[in-house]
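Here's a quick briefing to go with the structure you're about to see. Have a look first, then read on.

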Amino acid sequence: MSLGYAEKLSYIEDVGKVGMSEIFEPLHVLQEKIERLAVMIRKSKHLVVFTGAGISTSCGIPDFRGPKGIWTLQREGKALPQASLPFHRAMPSMTHMALVELEKAGILQFVISQNIDGLHLRSGIPRDKLAELHGNSFMEICTSCGTEYLRDFEVETIGLKETSRRCSNVDCGAKLRDTVLDWEDALPPKEMNPAEKHCRMADVVLCLGTSLQITPACNLPLKSLRGGGKIIIVNLQETPKDKKASLVIHGFVDKVIAGVMDRLNVQIPPFVRIDLFQVILTHTLSSDKRFVNWILRVASVHGHKAPLPFIKHVEVSFLDGPNYKEAILHKQPFQLKRRTVKTKIFEVLLKLIFSDGCGCVFSQIKVPIDFKVSPDCTNYDKDAILQKLRDTATGDPCCGQHEVIDKKPISNPKSEATVYAIVTNVVQYNKTTPERNGTAMKILNGGLNGIGGLNGIQTSWKRSRSGKRKPRT
């Protein structure tokens, strides 16, 4: 949950019960309950997980109703916490990544989330096994053709409003909308319908880090009871659904899930964040045809006016001689203009200085400058390249590794766009606490952050009762 999101919501007097005291069960009680939970998960045939803000607090993202929650502080007239890092740099928690591995193992069948931080999708939960009931701050959707766009920046609006971008499908071009609900917005059927379906099918619904106060979402786990399913609640505070649950665990979600994974003998995978950007080279001949006037741009893959949030500035130097003037590009769009001899082929060294929240300070990329734009379109196996990047980053846990994943000529103006994928964070986990590589450990322990994974990739997945969300009274 970003502080910006809380400020954008329409005012509502009753946000439910806030500031409830947290309960920490004795260690021996907690261990016994973790053992019981592991057994129930191992025996389950259709496990569904229902998540709330409590699974993201260890990522530095504040919750709503806890002792230091946004609405608790607002009601007490206290200042809201200051964000030490931008929302878009939050990394998935140990719990997020544990769920990814349980899904891959065929144990977890579906995830239902009330969170708008997008961390389930970034962590690797397949889109068709995820319902984001209240939307995703990093997702835009075309309501005309149904295409979804996952961004690396927080979408500027909430309330299902039109944004400044359009659908990139050639046959469409309709205006895009944000996906985050305001109080008066009904839950979208494409999220609610599969959530209800899987809750009815579930023999176990595991509720993690949620106060279960917002309707109609909080009633979804109850749908499993009619078919003989069981509800388990892991939360530091009491919830209105505790009496319906077969097991209630009061403890930190990460600690409980780490214990469960240990008992299931399932390893929690590392998280590798890969961001995308493109280098665009545009050139024209001078009037006497002796020189080339060229422009090099480091730009977002999300569109001409989209920001590059993970790059602070770019330092440009030339590898083939001292006669070319170096430059530092501070302002987006990052753009360098030069004039060189027509026949000259050389290399430019781009030093990308990363923004706060990235796992390293900078990375360097060599860009060949050749004014003979290649007419061929190389077929890059993007999935294979990205997997290789992840494997490399996992084996040698550091950031900055990069690969070209696409290259295409542009006829007007004469240009060539090269798309790069670059590793900007590597997060590894042990059995009790997440360990983050390099500066990321300090960053993510310090305060509010926000998302990883692939950005700007369309997900053409579609699925099409409603009910406005409101606090339970």
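This is a predicted model: local features need pLDDT of at least 70, side-chain atom pairs count only at pLDDT 80 or more; totals for chains, interfaces and linings use all residues.

Residues are numbered from 1 along each chain as its sequence is written, and side-chain values use heavy atoms, with hydrogens and water left out.

**α2 against α7**
- Helix α2 (residues 27–43) packs on helix α7 (residues 253–264) at about 55 degrees, and their axes lie 9 Å apart.
- That angle makes α2 oblique to α7 (oblique covers whatever is left after under 35 degrees, roughly parallel; over 145, roughly antiparallel; and 65 to 115, roughly perpendicular).
- The α2/α7 crossing is right-handed.
- On the α2 side, the residues meeting α7 include Leu30, Ile34 and Ile41, and their partners in α7 include Val256, Gly259 and Val260 (contact means heavy atoms within 4.5 Å).
- Sorted by type, the residues of this contact come out as 9 nonpolar, 2 polar and 4 charged.

**α4 and what comes after**
- Helix α4 (residues 94–104) is mostly covered, with 9 of its 11 residues buried (under 20% relative accessible area, 1.4 Å probe, protein chains only).
- Among the buried ones are His96, Leu99 and Glu103.
- Just after α4, glycine 106 has a positive phi of about 80 degrees.

**Histidine 120**
- Histidine 120 sits in helix α5 (residues 119–123) and counts as buried because its relative accessibility is 2%.
- Its side chain makes a 3.0 Å polar contact with that of threonine 51.
- Leaving out neighbours within four places in sequence, histidine 120 also touches residues including His96 and Leu99, both buried in α4.

Definitions and conventions
Axes are lines fitted to C-alpha atoms, for helices over the stretch in contact, and angles run from 0 to 180 degrees between N-to-C directions. Helices (H or I, at least four residues) and strands (E, at least two) are DSSP runs, numbered from the N terminus. A crossing is left-handed if the near helix is turned anticlockwise from the far one by less than a right angle, and right-handed if clockwise. Ala, Val, Leu, Ile, Met, Phe, Trp, Tyr, Cys and Pro count as nonpolar, Asp, Glu, Lys and Arg as charged, and the others, Gly among them, as polar. Buried means under 20% relative accessible area, exposed over 50%, partly exposed in between (1.4 Å probe, protein chains only). A polar contact is a pair of N or O atoms within 3.5 Å; within protein, one must be able to donate a hydrogen and the other to accept it, and residues adjacent in sequence count only if both atoms are side-chain atoms.
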